[in-house]
Amino acid sequence: MVVDRIFSGIQPTGTPHLGNYLGAIQNWVNLQEECSSVLYSIMDMHSLTMPKEPAVLRQNILDTTAAVLACGIDPKKCFLFRQSLVPEHAELAWILGCLTNVPRLLRLPQWKMKRTSQNNEGTVGLLTYPVLQAADILLYKSTHVPVGEDQVLHLELAQDIAQHFNKKYGEFFPVPKAILSTTKKIKSLRDPTVKMSKSDPQKLATVNIADSPDEIVLKFRKAVTDFTSEVTYDPAGRPGVSNLVSIHAAVTGLSIKEVLHQSAGLDTAHYKMVVAESVIQKFAPIRNEIKKLQEDTSHLIKILEDGAEKAKELAAPIYQEIRRLVGFQ
């Protein structure tokens, strides 16, 4: 019998930004209420695809954990764990990698985009991490995966790998389905043609959920718009203002239409401050909770270890059967 099971993960880049929250974490909080089997992983193995200092990675894992807890992720309603504490992820990735052809991985846009930051050389880990993503999902026989637009191709790879495995060894993995985020992709405040990113060199481009009210106000005040003062929603023609409208709608829970109705008569300079205030109000309790949680690192470590034990219990019989199917035992 196939159990509905949701799997998703977040790379530990420290405190998440506005785009992470609206595009993924907010959805996670809702999904843990709706599904009885939910796994959320801090993807520390994936984070090694881009160079990291060990001390920075350790701190980022704790900060990301504190942030998702502060946003409402409840370890009583889901398994929250660190990927590297469950070694079966890497072992299954090897098995699945032996079923995946290299040209398919070379065509993925993340490989083409990220290898430029590695002097166009690119590591084996950067090339094959989509296979590890497939293993993350399939290890638990997950049926549904919340994804943003930029991860759809990676989920399609996981679906194809599952079908390839099933064809070779018999029906075993459910083919995971996408749960697409309904939130519009949040763009950079300094360049509204690209998505908001933690790695953006422009400090004013990205709003972090732990930013102070003053920092949030400054970033929105400096947000790039255009020379028309009216507030309208036209992502192709007016990407800067439309990004502000998307953010305003997402943090307030209002529709685009309702936001535009409320903003009638405001010029963009005043509207930026309305959006900033909405973001400040949304994140004030989360920011306070992050600070509290960061003071107790042993509590954060225990949550991740307890979650990993539960994840291992779930993965063990599935992985033993995989071992039998491929001929390891």
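Q: Is the crossing of H1 and H9 left-handed or right-handed?
A: Helices (H or I, at least four residues) and strands (E, at least two) are DSSP runs, numbered from the N terminus. A crossing is left-handed if the near helix is turned anticlockwise from the far one by less than a right angle, and right-handed if clockwise. The crossing of H1 and H9 is left-handed.

Q: What kind of model is this?
A: Residues are numbered from 1 along each chain as its sequence is written, and side-chain values use heavy atoms, with hydrogens and water left out. Local features need pLDDT of at least 70, side-chain atom pairs count only at pLDDT 80 or more, and totals for chains, interfaces and linings use all residues, for this model is predicted.

Q: How are H1 and H9 placed relative to each other?
A: Axes are lines fitted to C-alpha atoms, for helices over the stretch in contact, and angles run from 0 to 180 degrees between N-to-C directions. H1 (residues 18-34) and H9 (residues 239-252) pack at about 45°, with axes 11 Å apart. Angles under 35 degrees count as roughly parallel, over 145 as roughly antiparallel, 65 to 115 as roughly perpendicular and the rest as oblique. H1 and H9 are therefore oblique.

Q: How many residues of the contact of H1 with H9 are nonpolar?
A: Contact means heavy atoms within 4.5 Å. Leu18, Leu22 and Gln26 of H1 meet Ile247, Ala250 and Val251 of H9. Ala, Val, Leu, Ile, Met, Phe, Trp, Tyr, Cys and Pro count as nonpolar, Asp, Glu, Lys and Arg as charged, and the others, Gly among them, as polar. In this contact of H1 with H9 there are one polar residue, no charged ones, and nonpolar residues numbering five.

Q: How does H9 lie relative to H11?
A: H9 and H11 (residues 268-294) pack at an angle of about 30°, and their axes are 9 Å apart. H9 and H11 are therefore roughly parallel.

Q: How does H2 lie relative to H12?
A: The axes of H2 (residues 54-70) and H12 (residues 297-326) come within 10 Å and cross at roughly 80°. That makes the two, H2 and H12, roughly perpendicular.

Q: Is Glu88 buried or exposed?
A: Glu88 lies in helix H3 (residues 88-97), where Glu88 is in contact with Leu139 and Tyr319, leaving aside neighbours within four places in sequence. Buried means under 20% relative accessible area, exposed over 50%, and partly exposed in between (1.4 Å probe, protein chains only). With a relative accessible area of 16%, Glu88 is buried.

Q: Is Glu121 buried or exposed?
A: Look for Glu121 in the loop between helix H5 (109-114) and helix H6 (124-138). Glu121 touches Trp111 and Arg115, not counting residues up to four places away in sequence. At 61% relative accessibility, Glu121 counts as exposed.

Q: Which cysteine sulfur is nearest to that of Cys78?
A: A disulfide is a pair of cysteine sulfur atoms within 2.5 Å. By this rule the count comes to zero disulfides. Cys78 is in no disulfide; at 11 Å away, the nearest cysteine sulfur is that of Cys35.
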